[in-house]
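Please look at the structure before reading the points below.

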Amino acid sequence: MPPLLNIANLVKGIVAKRPSATIKSPYVADVALDDSTTALAHAPALDCAGMCMPGKEVMMSTRKPGGKTSHAIELVVSDAQKNTNERVLVGAHPRLGELIAEEVLKRGLLADAISLNGSFKVGPVTDSTQANKKSQDQTISLKQQVTLGDSRVDFEMTITNKETSHRVIFEVKNVVCADYEKGTEPIKLGANHCVVVAESNNDTSYQRTALFPWAKSRSQTFENKKVCSERALKHLRNCYDLATERVTPVVLFIVNRSDCESVRACHEACPVFRDVLEEVTRDGVVKALGVRVRWTENGGCYFDGIIPVKS
């Protein structure tokens with residue numbers, strides 16, 4: 001299968017300082033390059049839950065001349081679990097989640113993972129030449145950033161057959177964090193460094209789990225409760241309200257790393273998100289699933305399977 005994305009000509013570096021010594025924005029970092037020079041890099045994910053701190057390796061794209069920064073941080077290297085030699089690349093740039101989701105939806109890679117009413121299938125998006133063929137059982141179109149209800153949804157897929165149509169609404173969450181097996185966790189280096197130790201289970205061997213959301217504090221409010229992100233919770237409620245027999249909402253967790261076998265709501269950071277996600281998905285009104293991807297050193301991003309969303 002060809003890559004979902006390909007970020008060409010990535011440049012490796014080590015974060016030296018964020019904010020930069022010359023530009024005091026938290027979104028700009030000084031990154032040391034192999035040739036002993038320092039690049040000014042856009043850091044759109046800030047410290048990326050502790051994976052984009054001084055001393056951490058990053059991989060950057062080169063930006064067009066004329067701006068304040070010469071590079072943008074695209075990938076980071078996850079903290080290795082102790083006693084392992086793993087090197088896991090993580091898609092850190094926030095825009096990557098939606099770009100990956102768009103390619104997954106266009107190619108129909110969720111067709112077997114999402115069941116819909118009737119004979120509708122979340123198949124590949126129909127191109128203009130296919131749409132003109134009368135023999136098509138169904139046609140599929142995809143729109144991005146559509147206002148529905150009281151917020152915008154990331155994607156609206158419309159599936160049309162000869163008699164009627166069905167819409168699938170996708171709310172995309174970009175997942176970069178993961179837990180650690182007890183005894184393998186690194187030393188926590190700051191308030192926003194995500195170090196969550198998995199609960200031990202003597203009945204099963206440890207498998208790494210991706211975590212969402214993550215923030216150093218619950219600084220926002222949703223339904224009179226402190227939360228990491230009011231916006232993320234508002235979107236969950238909106239998904240639930242949009243559901244009908246002809247509209248299926250889906251929360252799509254893009255696990256932007258290849259070392260996790262499942263994904264779950266991170267109650268350690270935001271118990272309210274965990275509770276609301278369980279509430280809206282409990283009866284299947286809103287569906288939730290994870291898509292795992294694998295990044296390569298040369299900037300290729302590959303579909304790596306569907307993984308379950310655990311409670």
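Asp241 is located in helix α3, and the helix itself spans residues 230-242. The model is predicted, with local features requiring pLDDT of at least 70, side-chain atom pairs counting only at pLDDT 80 or more, and totals for chains, interfaces and linings using all residues. Residues are numbered from 1 along each chain as its sequence is written, and side-chain values use heavy atoms, leaving out hydrogens and water.

**Sheet**
- Seen in order, β1-β18-β17-β15-β10-β9-β8 form an open sheet of 7 strands with mixed pairing; strands pair if DSSP finds at least two bridges between them.
- Strands β1 (5-6) and β8 (138-148) are at the edges with a single partner strand each, so one side of each has no neighbour in the sheet.
- β1 and β18 (residues 300-307) run antiparallel and are joined by 2 bridges.
- In β18, Cys301 stands opposite Leu5.

**Helix α3 and Asp241**
- Helix α3 lies across β8, β9 (151-161), β10 (165-175) and β15 (247-255), at about 30 degrees to β9. Helices are DSSP runs (H or I) of at least four residues, and strands (E) of at least two, numbered from the N terminus.
- Asp241 has 61% relative accessibility and therefore counts as exposed (over 50%; buried is under 20%, partly exposed in between, with a 1.4 Å probe and protein chains only).

**Thr184**
- Thr184 sits in the loop between β11 (177-178) and β12 (209-212).
- Thr184 counts as buried because its relative accessibility is 10%.
- The backbone oxygen of Glu181 is reached by the side chain of Thr184 at 2.7 Å.

Notes
Contact = heavy atoms within 4.5 Å. Axes fitted to C-alpha atoms, helices over the stretch in contact; angles between N-to-C directions. Polar contact = N/O pair within 3.5 Å; in protein donor to acceptor, adjacent residues only side chain to side chain.
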